[in-house]
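Welcome, and please take a moment to turn the model around before reading on.

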Amino acid sequence: MAPYQYQPLPAGDTIRILQIEPSSAISDQLRGSLQLHSLSQAPDFEALSYVWAQPVTNPPGSQCLQTFQIDGDEVEIGGNLAAAFRRLRLPGNSRLVWADAICINQKDIPEKNSQVQMMGDVYRKAKRTVAWLGEGDAEVEAAICKLSVIADSAPKFGYPPFEATNFISMSGISSNNDLENFIGNPREVIEMAMGANIGRICSVPWFTRFWVAQEAILSSDLVVYLGNKEVDWKILETAISLVHRAIFKAQEPIPGLEDMNRVVDLFTERKNQFLYRPPGTLKTSLDSLFGYSAATIQQSAMFNFIPRQGQFPLIITKDRPRKFLDTLWNLQHRHCKDDRDRIYAALSFIPWDLPIKVIVDYDRTTVEVYTAFTRALLTAHTMNALLFAGVWDRKKLPPINRPDPSLPSADEAPSWVCEFRPLKLKRGRYRPWHNPLYDEEDEMEIDEMESPVIGFEDLPYERRLRIGLTVLDKVEEVVTSLDEEGLDYAMTCRGLYSRYEIFSKARKLPTDEFPCFEELVRFAEVLGLDHKSIPSVLVTLARLLVHGRQIAATLALFSGADARSVEPEWHIPDNLTPYNEIDRSLNEVEKELSLMNRRLTFTALFSTSRGWIGTGPDAIIRGDILVRIRGLLKTCILRKVEGTADYILVGGCFLRDDLGVGVRGEYLMASLI
């Protein structure tokens, strides 16, 4: 039988839709036809979301290429896709389905470019999206069947039933406040989850892929198929979200929690879909979308209201650009065969009112795609893109004293370009420029107060960026973060004390006595410790500093170094005594230590020539330059490339002292490479 020959698609929004012929026997040959339709006028069809590679849950031997007969000719498809088609095939009626591997001519690059550009609209337009998790086995199919029992129990633990799940009721956990509604014993939920083996569902490869994020987030109606089992997405979401909250409420991690975190992240992004949809496409009322009344929303600082004559005001969130970049950043650990698709699969997440246009072009390299994307963001004055750029998390740092001051190699993105390839990054998701005590609005652009000054060459893939900024100061001293592996109590104490040494030197504090209460509070705020919500954290910090000084003195004694800087021994002052009376359990003390360790293992602490104190990425070194880029409130770090007029963007940082928009310094039109 001859291979199927794809015919060129007409211009416009034309797509192919697969009509699967009916059959009652699962082993029968797959047959059907490809129909051409304008997407805007297409009949009802279902979109298929699946993993191209073979899921490990599928039976051995099913991974072989199989054939689908289209109008008498053959198209080769993967075993997992063939299994999905057989599961979808009806016994008596044909079924209209869209699946990218067969509805797009994968060998025609121009067609692939145009069709991938439309994929977000395809999933929005589809009557329903079928999430095919694979053929599975008896164990994971049994787990799917038990999800309904967990979801039905949600009201017992203070959450609405899955039919009433709204925008905020079961979103991801961002703080302890998200757990306040939980009532009852969380252990009951955890035991149900363990009995249902819910971890097997969360480990299914479908949840790890990058493309399925777009498909799940943008679909208006979603159903999950695994083998012969079927479950509504709302049941899956309610059950797993309830288990996730129970785990954090009980503070008892279970095996597979990392997999579950990834699944809950997908739920949260799906609930944020209103960020990416034009208002006319939202198929829900304000009350069901946000869980608040319209009047309450109108009083919120989260939204802007644009009046429209004869219509309700248009409601848009104020932080849409930042949320969009947060989505891309949070999805970067998902698997993606082609790293260019980390941008192309996320084009549909671009907020509809953000003037960013990225053209899909598979003839371009990954670095060219990332460069064009970052350039589009900056051209649209989405300046906080620079916080996600920089070399702060890259495995390979560009040299600053090379004899040939050329640009980075073709496979290395310029420092000002957002890098999303996991293989090029060390850690990924954390944000070293953010201090948890300060609202994330400090990451917002301020182009309403001042206009960014940026310049590019005419070529869309030019690797040099010219940008206007104010030079503030230079880095004087740095203490890098601690290694997470092998971190113990002594290392925590020593790490805190070494940070305090830099802090006290910059603040010109005496070293022979314990810091006063005000300076201890200031030091805690630099570290990002919430002493207002957890007052006792100051006592824990004080005790660790005292022990850290003792350890430093012991090390100096054994090494023969001058120990005068750590003499005499410190004692906690009386004005901290009231905090000692707070009744704390061992679990609460452990949580305070865990909080400090997170800050010590994720950020470095530095001081500047002028005595400013800040935290930031480990990549910061002595001599780096603090700048404030026009249009961005957050302070950034640059590094001069010796013998050139170029700079490298290291990354963003946090300064304890708010420098404000009007801070004075040397204005510079810098060249970033």
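## Overall picture

Of the 673 residues in the protein, 53% are buried. Please keep in mind that this is a predicted model. Its secondary structure consists of 21 helices and 19 strands. Among contacts with a separation of 6 or more, 75% are between residues 24 or more positions apart. The accessible surface is about 29700 Å², and carbon and sulfur atoms contribute 51% of that area.

## Charged pairs

Searching the whole structure turns up 22 salt bridges. Here are some of them, with the N to O distance for each pair.

| Salt bridge | N to O distance |
|---|---|
| D137 and R200 | 3.2 Å |
| R431 and D326 | 2.9 Å |
| D624 and R639 | 2.8 Å |

R431 is in the loop between α16 (385-388) and β12 (454-455), and D326 is in helix α13 (residues 320-331), with 105 residues separating them. Both R431 and D326 are buried.

D624 pairs with R639 in another salt bridge. Here the loop between β15 (613-616) and β16 (625-629) supplies D624, and strand β17 (residues 635-640) supplies R639, 15 residues apart. Both of these residues, D624 and R639, are buried.

## Nonpolar interior

In soluble globular proteins, nonpolar side chains tend to be buried together. In this model, the largest nonpolar core holds 157 residues, and L48, F85, I102, W206, F207 and W233 have the most contacts inside it. Helix α9 (residues 233-250) gives this core its largest share, 10 residues.

What does W206 touch beyond its neighbours within four places in sequence? Its contacts there are S49, Y50, V51, A131, W132, L133, V212, A216, W233 and L266. W233, one of these partners, is also on the list of residues with the most contacts inside the core.

A second, separate core has 32 residues, including Y500, L538, W570 and I613.

Technical notes:
Residues are numbered from 1 along each chain as its sequence is written. This is a predicted model: local features need pLDDT of at least 70, side-chain atom pairs count only at pLDDT 80 or more; totals for chains, interfaces and linings use all residues. Side-chain values use heavy atoms; hydrogens and water are left out. Helices (H or I, at least four residues) and strands (E, at least two) are DSSP runs, numbered from the N terminus. Buried means under 20% relative accessible area, exposed over 50%, partly exposed in between (1.4 Å probe, protein chains only). Contact means heavy atoms within 4.5 Å. Accessible areas come from the Shrake-Rupley method with a 1.4 Å probe; for residues, only the protein chains shown count as cover. A salt bridge is a side-chain nitrogen of Lys or Arg within 4 Å of a carboxyl oxygen of Asp or Glu. A nonpolar core is a set of buried Ala, Val, Leu, Ile, Met, Phe, Trp, Tyr and Cys residues joined through side-chain atoms within 4.5 Å.
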